[in-house]
Amino acid sequence: MSGEMVVRKTRWAWAAGTFFGLGYMKPGPGTYASVATVLLWWGAANGFHIGPHNLSALTFLAMVVVTAIGIPASTIVAHEAAKKDPGFVVIDEVAGQLFALIALLPTWVHGLEALVLFRVFDIWKPWPIRRVEKLPRGWGIMLDDVLAGFFAHIVLHLLMYFVPRLR
């Protein structure tokens, strides 16, 4: 051996954590993951002609499943990469972006609004998002973005309520 440390990679965790390699894209892997999530949501809704109520339920279910997979996956990847919150772990952006998309009509305008608001909250990290980020392991990696998605969801729905042309 040449003295290099061999990093053992748990395949399923790295595949999920990097959202099948999207986390390796530069610059801004989190933005790529968010855009991919919006495109998948929009494509599934329009391609399969999913009605608004079913779309809301399926988007919520997808967010819960992605979060449930993301917590252990991001914990494992962070441990194996020896980093607290590796930038290439982007499953957290997928979960947060899904939260922002709940109860929206599958239009490009709503997708873009949810994308922009989620990225603003994810990057800005106002209180209490920054506090949640300090939770241990995958909990902090995932839940700060889920909370950013929640904030984006609330703000977007308030804007839609008070600014009717956004509906």
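Tutor: Let us begin with Lys 125, which is placed in the loop between H5 and H6. Please keep in mind that this is a predicted model.

Student: Is Lys 125 buried or exposed?

Tutor: Lys 125 counts as buried, because its relative accessibility is 12% and the cut-off for buried is under 20%.

Student: And what is the phi of Lys 125?

Tutor: Phi of Lys 125 is positive, at about 50 degrees, although the residue is not a glycine.

Student: Which other non-glycine residue has a positive phi?

Tutor: Ala 103 has one, with phi near 70 degrees. Ala 103 sits in the loop between H4 and H5. Its relative accessible area is 39%, so Ala 103 is partly exposed.

Student: Back to the lysine. Which side chains meet Lys 125 in salt bridges?

Tutor: One partner is Asp 122, at 3.1 Å from N to O. Another is Asp 145, at 3.8 Å from N to O.

Student: Is Asp 145 buried or exposed?

Tutor: Asp 145 counts as buried, because its relative accessibility is 1%.

Student: What about Asp 122, buried or exposed?

Tutor: Asp 122 is buried, as is Lys 125. Asp 122 also meets the side chain of Arg 119 in a salt bridge, at 2.5 Å from N to O. Arg 119 is buried too.

Student: Where do Arg 119 and Asp 122 lie?

Tutor: Both are in helix H5, three residues apart, which is about one turn of the helix.

Student: How many salt bridges does the whole structure have?

Tutor: A search of the whole structure finds seven.

Student: Which helix gives the largest share of the patch?

Tutor: Helix H5 (residues 108–124) does, with six residues.

Student: Take Trp 124, then. Where is it, and is Trp 124 buried or exposed?

Tutor: Trp 124 is in helix H5. Trp 124 counts as exposed, because its relative accessibility is 53% and the cut-off for exposed is over 50%.

Student: Now the helix packing. How do H3 and H4 cross?

Tutor: The axes of helix H3 (residues 52–81) and helix H4 (residues 91–101) come within 9 Å and cross at roughly 160 degrees. H3 and H4 are therefore roughly antiparallel to each other, since angles over 145 degrees count as such. The crossing in which H3 passes H4 is left-handed.

Student: And at what angle do H4 and H7 pack?

Tutor: H4 and H7 pack at about 25 degrees, and their axes are 7 Å apart. That angle makes H4 roughly parallel to H7. Their crossing is right-handed.

Student: One more topic: which residues are joined by cis peptide bonds?

Tutor: Lys 26 and Pro 27 are joined by a cis peptide bond, with omega at about -20 degrees. A cis peptide bond also joins Trp 127 and Pro 128, where omega is about 5 degrees.

Student: Where are Pro 27 and Pro 128 found?

Tutor: Pro 27 is in the loop between helix H1 (11–17) and helix H2 (29–47). Pro 128 is in the loop between H5 and H6.

Student: How far apart are Pro 128 and Ala 148 in space?

Tutor: Their C-alpha atoms are 9.4 Å apart in space, while the two residues are 20 residues apart in sequence. Ala 148 is placed in helix H7. Ala 148 is buried, with a relative accessible area of 0%.

Notes. Residues are numbered from 1 along each chain as its sequence is written. This is a predicted model: local features need pLDDT of at least 70, side-chain atom pairs count only at pLDDT 80 or more; totals for chains, interfaces and linings use all residues. Side-chain values use heavy atoms; hydrogens and water are left out. Helices (H or I, at least four residues) and strands (E, at least two) are DSSP runs, numbered from the N terminus. Buried means under 20% relative accessible area, exposed over 50%, partly exposed in between (1.4 Å probe, protein chains only). Axes are lines fitted to C-alpha atoms, for helices over the stretch in contact, and angles run from 0 to 180 degrees between N-to-C directions. Angles under 35 degrees count as roughly parallel, over 145 as roughly antiparallel, 65 to 115 as roughly perpendicular and the rest as oblique. A crossing is left-handed if the near helix is turned anticlockwise from the far one by less than a right angle, and right-handed if clockwise. A salt bridge is a side-chain nitrogen of Lys or Arg within 4 Å of a carboxyl oxygen of Asp or Glu.
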